Amino acid sequence: MSAGTEAERVTQAILDELLSKRHLGVVVDSPPGAGKSTLVVRAAATLVATGEPVMIVAQTNEQVDDLVVRLAAADLGGAIVGRLSRTGYVAPQRLGGLTNLMVSSDVAELSGCAVTVSTSAKWAHVKDRTWSWAIVDEAYQMRSDYLLAIARRFERALFVGDPGQLDPFSTVDNDRWRGLSWDPMRSAVAVLLRNNPTLPVHRLPVSWRLPASAETVVAKAFYPFTGFRAGSAPGDRELRFTAGASAGPVDAVLDEAAASGWALLELPARFTIRTDPEAIDAVATITKRLVERRAVARSGAEEHPVTPERIAVGAAHRDQVAALSAALAGVPVTVDTANRLQGREYDVTVVLHPLSGRRDATAFHLEAGRLCVLTSRHRQACIVVARAGIAELLDAHPSTEPVHLDEPVKFPDGWAANQTVLAHLAGHRVQA
């Protein structure tokens, strides 16, 4: 069965499940780049066609605006799309000129809209209206307390998200709730399924973003029990440079990435501060050289230049991002943390490994979701910069995190995921 046929079969099964109304909720798990937003828009159009109003819940304003643009371009039978905003919200330029869009901070003014979109935080303030359907996008990023706050606003819901990526983020200590069935710091889907184990769970089977070279390692490291297939076959995508290479590890690592889809620039083993100057310089130098060599990406029969806007640089911490941004001043690439890169897509990514130069392996740096985000944003190639010794750190450093009773074990395990990725990168290593 072709990838497209298999994906359509699963999508149709999800839509049929919704229309059957056999369950109050339906969960859809998705690997990176499997078309979550496409499914959300298609599900919304399907439900609107039944004449029932739909509320859509996203987790950030950026996600809301992305969905609004997609919905406005979709076939909704002439229906108006509502964008529920905060007071004083100024619509971005991409929303300008959308004739079937209404923007307001007052939900009453959007009562005539077939689809209304907003963040979970904004929906929590709506008290006087209910919808037949809710669609929750990026549901694994949503904290369960936000779901509890808006649960009375809808009768049935579709939850769409990626279980392999980052869990909801909180700045407060959450030990007091660990193990409880309603733990507010866990994802909305995790708590939903723990309390409603009979709800159907569907899985999107195809990643349209990741190249064939990434299918095995990403699936094995971060989706060991479900897996997925890449929508592209070997040879369907190509990355090449129009400017020649020179001797040295920087061009060597770029050539390895173009040839195999993966590359690791390994710096000498050393314990360093978090903003390791040598590692920061290596990431910046690789990125600048990538721009200088004027890469061209091919996908099927289509080609396009890999401009700086199609390149991302990722790191674990904001101070690392600040140092990288300073080192890349004047180069208009995206530089951000894993949390903020989640859900985004680029041709090539350059990543500073979260465990590079560290003496310990904390839960933050070991979180499988963080590494998953950093190594699954690319359509063509991912380049990792790290100091030698991470595998030895993982083998030698014991877990010091407390064990909480009745807390479900989270898979994949951070140790195993990191070792799987490192083992794969070892075959694409260039030593600095």
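**Sheet, packed helices and a buried glutamine**

Valine 54 has tryptophan 133 of β6 as its bridge partner. The model is predicted: local features need pLDDT of at least 70, side-chain atom pairs count only at pLDDT 80 or more, and totals for chains, interfaces and linings use all residues. Residues are numbered from 1 along each chain as its sequence is written, and side-chain values use heavy atoms, without hydrogens or water.

Strands β2 (residues 54–58) and β6 (residues 131–137) run parallel and are joined by four bridges. Strands count as paired when DSSP finds at least two bridges between them. Strands (E, at least two residues) and helices (H or I, at least four) are DSSP runs, numbered from the N terminus. Helix α2 (residues 36–48) packs on the sheet and touches β1 (25–29), β2, β5 (115–119), β6 and β7 (154–161). Its direction makes about 175 degrees with that of β6. Contact means heavy atoms within 4.5 Å. Angles run from 0 to 180 degrees between N-to-C directions, with axes fitted to C-alpha atoms, for helices over the stretch in contact. Helix α6 (residues 188–195) lies across β1, β7 and β8, at about 130 degrees to β1.

Glutamine 165 sits in the loop between β7 and α6. It counts as buried because its relative accessibility is 5%; the cut-off is under 20% relative accessible area, with a 1.4 Å probe and protein chains only. Beyond its neighbours within four places in sequence, glutamine 165 is in contact with residues including Pro32, Tyr223, Gln342 and Arg377.

How values were computed:
Buried < 20%, exposed > 50% of the residue type's maximum accessible area, 1.4 Å probe, protein only.
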